[in-house]
Each structure stands twice: as structure tokens, then as C-alpha cells.
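Work each one from the coordinates before reading its solution.

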Amino acid sequence: MITVEEAFETFRQRLELSETERTDTIRKHNKVRDCIRGGFDIDRDFLTGSYDRHTKTKPLKDVDIFFTLGPKDQHRRSKTPSEVLDAFVDRLRGEFGKDAVQPGRRCATVEFERNTSDKEGKVLSIDAVPAIELSDCYEIADRDLGKWIKTDPEIHAEKSTAKNKNLSGKWVPLVKMLKRWNRSADKPIKPSFLIEVMAQDLVDGPFTTYPGEVRRFFAAALDGIRQEWKDPAGLGPPVSDQMTPDLIKNAEAALRRAETEASRAVRLAQQGKQGEALAVWASIMGRYFPKS
């Protein structure tokens, strides 16, 4: 029988992308990049979001690509966000088909593997994000707000890298575990980037163990889920702006259940009941967590 800490190490390894998954991601995001480049004047395009920050969990959904518009297409900045986003949608539908491309809040989403029952280990979708590069940040179109908003994914990545370094490389795996819990719990916290933003503030050194830090995050997040969580770059709208009062109530209930069960799992492990502790942790963290 493995110990709980050994199980968490196996869990960490299982959340890493396989070489096949990496190769598939590269192939698919290059197809999206080629399509957008063929229809727009693009200065440069680059991966952003949790995939770029190495905090993406399986299955791979919403892999983000920023496309900074070049001189011939910067007139689109004077249009409404919906117009430029819909132009991206139309271009991608010409390549991937109408049903495979959906308009998003800040992107056009190309969906892959839509009709498969087994979505694990697959690249499910890629988000194409139109952007304007400014001297000190970027602007992206926000359909819901009806305006272009400032952001800087490079600052997000720098903060993630720095936090991970400060915690001896253990912060990124912890965030992936927490995102996997969120997905297993039917995504009570939205967007998943909010978990990452919360973990920037709520997880501090010295880092103890993965089970201990996961339990502590549940408790701290339960106390903090009602507060406003700002854009880490200090530029855009709050990252927590999707959390309506009803969603906050749901998130509180999910976090309370998770913290209660995690505390029980910790007590079971302390009593030497490793098998029971593993079963409880597996019920919390989902299908990738080993039971033995």
C-alpha cells in the first residue's frame, strides 16, 4: 500500500502532458495559426494562458493563442468587439466547419473531438484571441463588456514563474491539482484562471506537503471566494467577474465539502489508515488520483 504522499506524487505525474499530447497540441494549434494568418494581417502570434504557464490540466481545453493585429487590420480596433471576434469565427469556420467553431467572450474557439465519449488525453479546443499590441500591454476584445480591455499575459506568466520558483517548483503542480479538483467537482470556480490567481495569494511558503497545501487552499479559498480578485497584471477587469452570487454559493458549498473531506483524509492518514485516506482523497481529486 502506498502512502498518501506517494499517491500525490503519482497524481502529480499523471497530470503532466504526455509526448503524444504535446505533439497533438502543436499540430492543432499550428493549423489554427495558419488559418488566422491566411485571413488577417498578423504581426505575431504566441501561446498564452495556462498552457503557456504549464498550469493546464487534462483534458486539454481552451489552449489560448494571442494574435496581434498588424497595420492592415488595426482598423478593427475601432469596431465593436463582436465584429472582430465574429470575423475570426467566420475565418475559422471556413477551415474547420461551422459546427466546430464557437464564438466566445474574448476568442473564437475551435472545438476538436466534440463527439467522442472519452475526452481524456485529447486536445479538445483551441482559443484564437484577437489582440492589439500597445507599448506597455495588450488590448483584447471583450464581447460581454462591449469594449476592448487591457491585459498582459506575459506579466501573468512572469508572476507564475516567480511564485513557482519561490516554492521550489511545487506551486505549479499544486495549481494543476486544484484545477483538476475544480473540474472533477463540476467547475464551481469560474474561470479556472481564478484558482491560479487565488493560489498566488493564498499559498505561501514554507511549502509543506501536497495533501496539506491542498487542504489549506480549500479552507483559505472558502474564506476568500466572496472577495474581488483582480487581474494580476493590474490592467483588465477582475478575474472573479464571472462569479455571480449563485455561483459563489455553489463554490462555497463545494469548497466546504472538499475541506471537510480533506481534513478527514488527513486524520485517517495520521491514524495509519492509508487505504481509507487514499479512497477519500480519490473521491475529492478525481479519476487521476491513485487509490492504491
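A crossing is left-handed if the near helix is turned anticlockwise from the far one by less than a right angle, and right-handed if clockwise. Helices (H or I, at least four residues) and strands (E, at least two) are DSSP runs, numbered from the N terminus.

The model is predicted: local features need pLDDT of at least 70, side-chain atom pairs count only at pLDDT 80 or more, and totals for chains, interfaces and linings use all residues. Residues are numbered from 1 along each chain as its sequence is written, and side-chain values use heavy atoms, with hydrogens and water left out.

**Exercise 1. Describe how helix H8 passes helix H10.**

Step 1. Two packed helices are described by the angle between their axes and the distance between the axes. Axes are lines fitted to C-alpha atoms, for helices over the stretch in contact, and angles run from 0 to 180 degrees between N-to-C directions.

Step 2. For H8 (residues 210–224) and H10 (residues 274–285), the axes come within 13 Å and cross at roughly 50 degrees.

Step 3. Angles under 35 degrees count as roughly parallel, over 145 as roughly antiparallel, 65 to 115 as roughly perpendicular and the rest as oblique. H8 and H10 are therefore oblique to each other.

Step 4. The crossing of H8 past H10 is left-handed.

Step 5. Contact means heavy atoms within 4.5 Å. On the H8 side Pro211, Val214 and Phe218 take part, and on the H10 side Trp281, Ile284 and Met285.

Step 6. For classes, Ala, Val, Leu, Ile, Met, Phe, Trp, Tyr, Cys and Pro count as nonpolar, Asp, Glu, Lys and Arg as charged, and the others, Gly among them, as polar. The contact of H8 with H10 has six nonpolar, no polar and no charged residues.

**Exercise 2. Repeat the analysis for helices H2 and H4.**

Step 1. The axes of H2 (residues 19–37) and H4 (residues 81–96) come within 9 Å, crossing at roughly 120 degrees. That angle makes H2 oblique to H4.

Step 2. H2 and H4 cross in the right-handed sense.

Step 3. Lys31, Val32, Cys35 and Ile36 of H2 meet Phe88, Arg91, Leu92, Glu95 and Phe96 of H4. By class this contact has six nonpolar, no polar and three charged residues.

**Exercise 3. How many disulfides does the model have?**

Step 1. A disulfide is a covalent bond between the sulfur atoms of two cysteines. The rule applied is a pair of cysteine sulfur atoms within 2.5 Å.

Step 2. The sulfur of Cys35 has its closest cysteine sulfur in Cys107, at 15 Å, which is too far for a bond.

Step 3. For Cys137 the nearest cysteine sulfur is that of Cys107, 19 Å away, and Cys137 is in no disulfide.

Step 4. The count comes to zero disulfides.

Step 5. Accessibility is classed as buried under 20% relative accessible area, exposed over 50% and partly exposed in between (1.4 Å probe, protein chains only). Cys35 is buried at 6%, and Cys137 is buried at 3%.

**Exercise 4. Find the cis peptide bonds at Pro191 and Pro206, and the positive phi values at Ser168 and Asp186.**

Step 1. Most residues other than glycine have a negative phi, and most peptide bonds are trans.

Step 2. The bond from Lys190 to Pro191 is cis, with omega near -10 degrees. Pro191 is in the loop between helix H6 (171–184) and H7.

Step 3. The bond from Gly205 to Pro206 is also cis, with omega near -5 degrees. Pro206 lies in the loop between H7 and H8.

Step 4. Ser168 has phi near 55 degrees. This residue sits in the loop between helix H5 (153–166) and H6, and is exposed at 63% relative accessible area.

Step 5. Asp186 has phi of about 70 degrees. Asp186 is in the loop between H6 and H7 and is exposed at 68%.
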